[in-house]
Amino acid sequence: MSHYILIIGVLIFIICLGLHILVWRWYHPRKEVIILFLIFLIIPAVIGIAGLGLNWFGLLPGGTGVIPISAFDWPLVFLLHFSLAGAYILSYPAIQAVSPSLAILLVVESSAPQGLTSNELRSHFTVEDLLEARLRDLKDGYLAVESDGWFRLTWRGLLLVRFNRFLRILLGLPTIGG
Amino acid sequence: MDPSVKLFLVLVCSPILVLALQMAFSRLFIRYRPDTSRHVIFAVCVAAGHIPMAAAVWWQVVRHLTLTPSELIWMAVYSLIVYNMLSYCYFHIFNMSETARRIRILNEIDRAQQLRASDIVSLYGVEEMLNARLDRLVKMRQLKQSGGRYVIDQRLLYIAAKVIVGARNLLGFPPSQTLYYKKT
């Protein structure tokens, strides 16, 4: 295997990551997941397909000599990029939303070495932090809608619930986690 | 079939391999070691999965090629990265069902058909949310109790938390939006 596959795959990911940081610092989008998909998945896929198409018709200046890997190796390049991108996109909710588990660890460490009792820990968390922000996320992500103060699932929310329950049944686990 | 295509197809199946191992290991651990953290079980599955994945790559790709030592090393590094990244992607899908508040809230709304925000809070309150996470962190040995007080045990997730704070700063999230800066 050519080491260029690794280098180019990682390079594409780093370019997308840089673009993501710039966009977020310049204009933090509301529909974050959609923009993440655009930056990390759609734009590279479109450029890759366009590049392969141009090369197929001999329209790419320098042809395959420009980048020294064969046409069959490009799926490996994009598999590497998409696996890194997928790992980042799926980690993003932990960056965007306050993870109570990670917040607990930071709060406990900040009280080192004596630590915290359960009650002292609880005083650091509010309903707004833990639940109300997540309810807003559900609405922003079109997983639930609110009407007259009542929350109901959208078809997307229902699909997500069913998928998660199916996965837990496959794994022999109780159907509700959290 | 071109060896690159074969390698692609083998590695793309990484999440399926981990899921299959998790289906087996999860049931085994529930039966014989029910107190084991589900995240630890998942880590065992990913670690164990390296062996059948390496065997599949060798059987489908490597044994048909004549590779120089450096090419073999690059292929091994590539396969390791892609297998572990795809396993990590699957981990998040599993973890979403296991720990995500959003999924839990969606489940509660689905069971009741519709709920008010106050109903959700009473069904899935702060107390239960924190207790579940404290139990999980103790099982995963990230926290321990000493004289009735919680202290850090192993530091892996604590380091992950610090990385996330750094990432939030890099992405320009306002500090006031993060719980991490309150009362610390």
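1. In this predicted model, an open sheet is built from three strands in the order S1(A)-S2(A)-S1(B), with antiparallel pairing. The edge positions are held by strand S1 (144-147) of chain A and by S1 of chain B; each has a single partner strand, so one side of each is left without a neighbour in the sheet.

2. Within chain A, strands S1(A) and S2(A) run antiparallel and are joined by four bridges. One residue pair can be named here: Ala144(A) has Leu153(A) in S2(A) as its bridge partner.

3. The sheet also includes a pairing between the chains. Strand S2 (residues 150-153) of chain A pairs with strand S1 (residues 115-116) of chain B in the antiparallel sense, over two bridges. Trp150(A) has Arg116(B) in S1(B) as its bridge partner. As a general point, strands of a sheet pair through backbone hydrogen bonds, in either a parallel or an antiparallel arrangement.

4. Chain A is divided into two domains, domain 1 covering 3-96 and domain 2 covering 141-178. The centres of domain 1 and domain 2 of chain A, taken over C-alpha atoms, are separated by 31 Å.

5. Turning to the interface as a whole, 92 residues of chain B are in contact with 91 residues of chain A. The two chains, B and A, bury about 8,400 Å² between them, and 69% of this lies on carbon and sulfur atoms. In chain B, the residues that lose the most area to chain A are Tyr78(B), Arg102(B) and Leu171(B), which together make up 9% of what that side buries. The size of an interface is often expressed in this way, as the accessible area lost when the parts come together.

6. With regard to polar interactions, the rule finds 27 residue pairs in polar contact across the interface of chain B and chain A, both residues being at pLDDT 80 or more. On the side of chain B that touches chain A, helix H4 (residues 69-99) of chain B gives the most, with 19 residues. The residues of that side of chain B divide into 54 nonpolar, 17 polar and 21 charged.

7. Which charged pairs join the chains? The rule finds five salt bridges across the interface of chain B and chain A. One of them links Arg165(A) with Asp110(B), where the closest N and O atoms are 3.0 Å apart.

How values were computed: Residues numbered from 1 in each chain as written. Chains lettered and ligands numbered in written order. Predicted model: local features only at pLDDT ≥ 70, side-chain atom pairs only at ≥ 80, totals over all residues. Heavy atoms only, no water. Contact = heavy atoms within 4.5 Å. Buried area = accessible area lost by both parts, 1.4 Å probe. Salt bridge = Lys/Arg side-chain N within 4 Å of Asp/Glu carboxyl O. Polar contact = N/O pair within 3.5 Å; in protein donor to acceptor, adjacent residues only side chain to side chain. Nonpolar A, V, L, I, M, F, W, Y, C, P; charged D, E, K, R; others polar. Pairing = 2+ DSSP bridges. Domains from an automatic or database assignment.
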